[in-house]
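Hello,

Here is the structure I said I would pass on. Have a look first; my notes on the helices follow.

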Amino acid sequence: MGFLNPAATSAQKVDAVFLFVFVLSVAFLLFITGTIVYFLSRYNWKRHPKAEAVEGNTALEITWTVIPLVLFLVMFYYGWTEFSYTRNPPRDAMAVEVLARQWNWTFTYPNGKRTGELYAPLGKPMKLDIRSADVIHGFFVPAFRLKMDAVPGRTNVTWFRPTALGSYDVECSVICGADHSYMLSKVVVVSEEEFKRWYFGPEDAPPPALPASEPMRAGAGEGSPGLAVLARKGCTTCHSLDGGVAVGPTFRGIFGRRDVVVKEGLEREVTADEAYLRRAIQDPQAEIVKGYPPSMPTSPLTERELDDVVEYLKTLR
């Protein structure tokens with residue numbers, strides 16, 4: 001999102017401060033550069049071959065001290081008030097727990113629903129309680145100009161109010177390990193009505209669909225209970241549904257696919273049949289698909305959830 005169409009109120013605040021400081025800096029750059037050029041021309045050695053002593057000017061010294069000081073204090077106050085705004089959420093903000101771990105994000109809502117992407121209602125404030133399960137991470141949403149560190153043993157708080165429908169990238173802004181660059185997610189902003197249908201619906205309700213202006217991922221709108229489980233457990237954060245590159249292998253075409261896996265340092269080729277899928281979901285660290293990091297955490301599923309996920313994966317051709 002650009003300056004003309006910020007995606008959240010936090011972006012509007014940050015953009016305003018940035019533009020104020022930027023314009024002021026450019027104005028002073030032009031003024032100081034112009035003054036230097038003028039004095040180089042006005043007092044060059046051809047016009048003044050003999051140097052002259054210059055006496056102090058108290059009024060001038062006060063002026064060039066007071067004006068920068070006042071401007072600095074204005075910038076500090078302006079920046080501090082906007083910083084304070086992003087650190088003090090409204091009382092009616094929905095509190096979502098954000099858990100960072102190598103190398104994925106998990107979002108837990110007040111009603112217990114858990115997803116790998118952050119779903120937010122348009123125009124409503126959302127408070128983020130951010131913490132880490134291992135090392136220091138950085139929760140960063142560029143479109144919202146929002147950044148907060150996730151620190152082990154500590155909960156940091158920030159918030160935002162989305163102003164535009166869409167899907168916005170979440171990145172880790174702190175180098176947190178070998179697969180730091182794969183620690184990606186999304187903030188999906190949907191209408192308030194759609195968010196309420198999902199939030200107050202049954203636990204296995206599919207997550208809200210992306211806005212119509214956004215490209216739909218394969219299977220994203222099918223309403224499958226298996227898809228709902230994948231979204232709730234955060235699986236779609238690291239595994240794409242449309243063949244796209246992600247932290248883990250894509251789910252598209254996974255059933256029946258032949259892959260090379262590494263087990264106890266030895267490589268072997270496997271066919272992703274139903275037995276393999278169940279084994280990989282229940283014990284993800286036992287066999288690692290070659291070329292991918294061993295970053296998938298164990299996420300216990302009921303037998304019903306496991307059946308739903310496997311049946312859904314079979315449909316992703």
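Predicted model: local features only at pLDDT ≥ 70, side-chain atom pairs only at ≥ 80, totals over all residues.

H7 runs over residues 303-315. With 13 residues at 1.5 Å a residue, H7 should span 18 Å. The C-alpha atoms at its ends are 19 Å apart, which agrees.

Now the partner, H4, residues 225-232. The axes of H4 and H7 come within 7 Å and cross at roughly 110°. Angles of 65 to 115 degrees count as roughly perpendicular, so H4 and H7 are roughly perpendicular to each other. H4 brings Pro225, Gly226, Leu227, Val229, Leu230 and Arg232 to the contact. H7 brings Glu305, Asp308, Val309, Tyr312 and Leu313. By class, that contact has seven nonpolar, one polar and three charged residues.

The other pair is H1 (residues 9-42) and H2 (residues 58-87). Their axes come within 9 Å and cross at roughly 165°. An angle over 145 counts as roughly antiparallel, and H1 and H2 are therefore roughly antiparallel to each other. Their crossing is left-handed.

Which residues meet there? On H1, they include Phe20, Val21, Leu24 and Phe28. On H2, they include Ile67, Leu71, Val74 and Met75. The contact of H1 with H2 has 12 nonpolar, four polar and two charged residues.

Best wishes

Key: Residues numbered from 1 in each chain as written. Heavy atoms only, no water. Axes fitted to C-alpha atoms, helices over the stretch in contact; angles between N-to-C directions. Helix = DSSP H or I, 4+ residues; strand = E, 2+ residues; numbered from the N terminus. Parallel < 35°, antiparallel > 145°, perpendicular 65-115°, else oblique. Left-handed = near helix turned anticlockwise from the far one by under 90°. Contact = heavy atoms within 4.5 Å. Nonpolar A, V, L, I, M, F, W, Y, C, P; charged D, E, K, R; others polar. Expected span 1.5 Å × (residues − 1).
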